[in-house]
Amino acid sequence: MGLTAGSVGRNACDSSFTIQKNDGDFVIALAGNPNVGKSTVFNALTGMKQHTGNWTGKTVQNAQGRCVRGENSYVMVDIPGTYSLLAHSAEEVVARDFICFGGTDAVIVVCDASCLERNLNLVLQTIEITEHTLVCVNLLDEAEKKKISVDLDVLSKRLGVPVCGASARSGIGIEEMMELLPEAMKNPPSSKPCIAYPNEIEIAIDMLTPVLKKKLDGRLPLRWTAVRLLDRDEQLNSSISDHLGFDIDSDKEISAALNRALKYLAEQEIDSSKLNDMIVTSIIRLAERYASECTTFEKSDYYERDRRIDRVLTHKIWGVPIMAAMLLVIFWITIEGANYPSDLLFGALFSLGDKLSDLMVSAGSPEWLRSMLIDGMYRVLAWVTSVMLPPMAIFFPMFTILEDVGYLPRVAFNLDRYFKKANACGKQALTMAMGFGCNAAGVTGCRIIDSPRERLIAMLTNNFVPCNGRFPTLIAVITMFMTAGAAGLGGSFLSVLILTLVIILGVFLTFLMSRLLSATVLKGVPSSFALELPPYRRPQIGKVIVRSIFDRTIFVLGRAVAVAAPAGLVIWLLGNITVDGSSLLTICADFLDPFARFIGLDGVILLAFILGFPANEIVVPIMLMVYMGTEKITNYESLSALKQLLTDNGWTIITAVCTIIFMLCHFPCSTTCMTIKKETGSLKWTAAAFLLPFVTGIVLCAVVANVMRLFGVLF
């Protein structure tokens with residue numbers, strides 16, 4: 001018997017996350033393998049009527065949205081992409097548990113028409129749990145290009161559930177799918193596929209079935225429950241017990257029957273590992289049979305096109321240099337493209353600040369209050385926004401386009417062997433790439449790594465790649481002290497080239513520190529993972545821009561802004577409170593100066609980094625504030641004027657090089673630290689993520705500064 005809305009308790013739903021539903025709404029789970037267009041289907045159905053959050057107790061995101069068709073109102077729940085319900089990762093666990101115990105009225109399984117065999121694995125497992133299933137064979141347009149055709153009627157007969165075809169990117173088939181949905185929610189069909197297991201397993205299932213039939217009372221499918229008990233998945237058994245309302249492992253009748261079945265399997269020399277292999281093989285063989293019966297192929301050069309591209313982009317020798325060159329181009333476009341809008345935004349926000357200041361003066365506000373709010377909090381807020389927003393608005397769409405085209409999995413493929421040598425996970429390549437936009441986003445992206453050990457390594461080392469908040473300072477110092485003799489586009493390109501070399505150093509440090517962590521506090525061997533190389537696709541530019549701006553840029557900017565205003569207040573207080581005629585800023589800088597000079601900096605630079613903890617964008621403004629002896633954040637007129645100011649305050653090439661190194665290797669910003677705390681739930685690991693790059697930066701700066709002094713490099 002399949003699960004129905006009435007047979008599944010709503011408390012199970014609450015244990016996962018709260019569904020935003022009204023009386024009469026139908027809850028529909030949207031399932032599927034990664035890269036099958038599931039999110040495209042979800043977005044087409046729900047539009048902007050979506051709600052996102054985390055599954056309780058897990059760092060796996062969910063999304064739910066509402067859609068109405070005729071008299072029916074549906075709450076669509078986009079569950080994490082998964083290849084199987086034999087769960088291993090956090091994503092697979094929540095997908096399985098929501099389908100099994102989430103109180104769904106039906107499950108829509110989205111498949112890729114061009115590789116149906118692999119997708120039917122998940123379909124068969126879903127139908128085994130609930131007969132209220134609708135199969136959406138998506139990407140028919142991609143399959144047509146590969147000269148693959150799918151007989152949907154034959155597939156529907158084999159599966160015993162409604163099947164529809166779609167090309168969701170073009171909006172084709174979505175309405176037809178929704179027309180079939182009521183049929184899927186009705187009484188289960190008269191026939192459904194039965195996964196035939198080897199005879200030994202079938203005998204063990206028969207030993208369990210009579211007692212389970214009495215105990216389950218129709219609340220869970222018998223064969224599925226019997227196989228899961230035999231498989232001894234403790235986490236799933238706990239979920240089953242919570243759903244049934246009693247401890248299934250402690251039930252005497254079930255335990256007795258299970259022990260008899262396990263004893264029989266042991267007599268047949270079938271241990272838990274072999275049993276799992278036999279279960280998986282049975283499902284795969286049935287999926288292969290159904291796929292072969294309903295799919296026809298013609299000779300096509302479509303696959304050969306992707307292979308030809310991959311022979312270049314994933315080449316053992318040329319793959320990484322091409323990736324570095326692509327990175328260089330993206331950074332050049334980001335930096336060059338952000339200059340003008342950043343200047344416009346800077347002028348507009350600071351002009352608004354002047355108007356707000358005049359308004360407070362005319363309203364008779366005390367000078368200290370006006371200065372604190374406008375010169376302190378507002379100016380820092382305006383600076384962070386004007387410096388941070390334009391680069392993110394350019395970088396994140398380009399990053400999302402690479403994701404949409406299908407290149408990012410190739411990045412993981414290219415770097416996988418290097419991360420394996422560091423005893424880390426190849427998926428860390430993707431989270432590292434996300435860190436270029438924002439380290440907080442990179443830390444959040446570590447959720448895709450299944451192993452807790454490897455996920456921690458990725459979080460602790462993500463800060464070694466610079467986020468876009470550090471790019472302006474890096475570019476300014478490089479331009480002033482290393483490429484000052486080159487003019488025009490040549491000088492700009494040379495600056496970006498040096499920046500790329502600095503970033504490559506950061507990537508090398510990521511490998512080195514990952515290896516160090518894996519050999520010490522996070523010992524272990526690298527885990528294997530299935531890396532799918534999706535076909536190359538034409539990006540949907542409009543959707544990419546909207547998704548990257550709203551899902552990434554605005555989210556990250558919002559977190560940064562939330563800490564910028566309080567930081568502005570602290571900086572203003574330090575700059576305006578004086579002791580014996582010196583501001584607290586100057587006193588703190590003088591205190592830090594001896595140590596800072598030993599590592600190639602000075603007290604002002606080190607203090608600016610410390611006070612820039614809320615946001616890296618305000619490091620340079622704080623330096624200017626102390627060097628110029630002003631009481632508020634001040635902008636510089638030009639790079640040449642800034643260089644003159646820095647030189648007058650003792651900067652040399654050693655100072656510039658060490659500032660670049662320290663900008664690359666210093667503690668994460670407050671937003672990233674808050675994200676690490678949220679993801680790990682541990683102050684200990686948050687402190688480790690703070691100290692690891694900070695100590696590394698101090699050691700590197702000390703070594704470089706003193707070696708350069710030893711060889712007499714000063715100018």
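# Briefing: strands, salt bridges and a cavity

Glu-293 is partly exposed, at 36% relative accessibility. Partly exposed lies between buried, under 20% relative accessible area, and exposed, over 50%, with a 1.4 Å probe and protein chains only. The model is predicted: local features need pLDDT of at least 70, side-chain atom pairs count only at pLDDT 80 or more, and totals for chains, interfaces and linings use all residues. Residues are numbered from 1 along each chain as its sequence is written, and side-chain values use heavy atoms, with hydrogens and water left out. Helices (H or I, at least four residues) and strands (E, at least two) are DSSP runs, numbered from the N terminus.

- β5 pairs in the parallel sense with strand β1 (residues 26-32), over 5 bridges. Strands count as paired if DSSP finds at least two bridges between them.
- Within β5, Val-110 is the bridge partner of Gly-32.
- β5 also pairs with strand β6 (residues 133-138), again in the parallel sense, over 6 bridges.
- Val-107 stands opposite Thr-133 of β6.
- From β5 the chain passes through helix α4 (residues 116-129) to β6, a right-handed β-α-β crossover. Right-handed means that, with the strands pointing away from the viewer, the path from the first strand over the helix to the second runs clockwise.

**Salt bridges**

- Side chains of opposite charge can pair when their charged atoms come close.
- The count is 17 salt bridges. Each is a side-chain nitrogen of Lys or Arg within 4 Å of a carboxyl oxygen of Asp or Glu.
- Arg-66 bonds in this way with Asp-25, with the closest N and O atoms 2.3 Å apart.
- This pair links distant parts of the chain, 41 residues apart. Arg-66 sits in strand β3 (residues 61-69), and Asp-25 in the loop between α1 (10-16) and β1.
- Arg-66 is partly exposed at 24% relative accessibility, whereas Asp-25 is buried at 8%.
- Glu-293 forms a salt bridge with Arg-158, with the closest N and O atoms 2.5 Å apart.
- That pair also joins distant parts of the chain, 135 residues apart: Glu-293 is in helix α12 (residues 272-294) and Arg-158 in helix α6 (residues 152-159).
- Arg-158 counts as partly exposed, at 34% relative accessibility.
- Arg-370 and Glu-367 meet through their side chains in a salt bridge, 2.7 Å from N to O.
- Both lie in helix α15 (residues 367-405), 3 residues apart, about one turn of the helix.
- Arg-370 is buried, with a relative accessible area of 10%, while Glu-367 is partly exposed at 48%.
- Lys-214, Lys-215, Asp-251 and Glu-253 are linked in a salt-bridge network.

- Helix α28 spans residues 670-680, and its buried residues include Ser-670, Thr-671, Thr-672, Cys-673, Thr-675, Ile-676 and Glu-679.
- Gly-681 follows α28 and has a positive phi, near 65°.
- Phe-690 belongs to helix α29 (residues 683-710). Phe-690 is partly exposed, with a relative accessible area of 26%.
- Cys-669 and Phe-690 are 21 residues apart in sequence, with 8.8 Å between their C-alpha atoms.
- Beyond neighbours within four places in sequence, Phe-690 is in contact with Phe-613, Phe-667, Pro-668 and Cys-673. Contact means heavy atoms within 4.5 Å.

**The second largest cavity**

- The model has 3 cavities of 30 Å³ or more. On a 1 Å grid over the protein atoms alone, a cavity is a set of points where a 1.4 Å probe fits but cannot get out, and lining residues have an atom within 4 Å of a point.
- The second largest cavity has a volume of about 70 Å³. Grid points are joined across faces, edges and corners, and a volume is the space filled by probe spheres set on the points.
- Its lining consists of Thr-473, Ala-476, Val-477, Met-480, Val-620, Met-623, Leu-624, Leu-642, Leu-646 and Trp-651.
- α20 (471-481), α25 (619-627) and α26 (639-648) each give at least two residues to this lining.
- α20 contributes the most to the lining of the second largest cavity, with 4 residues.

Methods. On a 1 Å grid over the protein atoms alone, a cavity is a set of points where a 1.4 Å probe fits but cannot get out, and a pocket is an open set with protein on both sides within 12 Å along at least five of seven lines; lining residues have an atom within 4 Å of a point.
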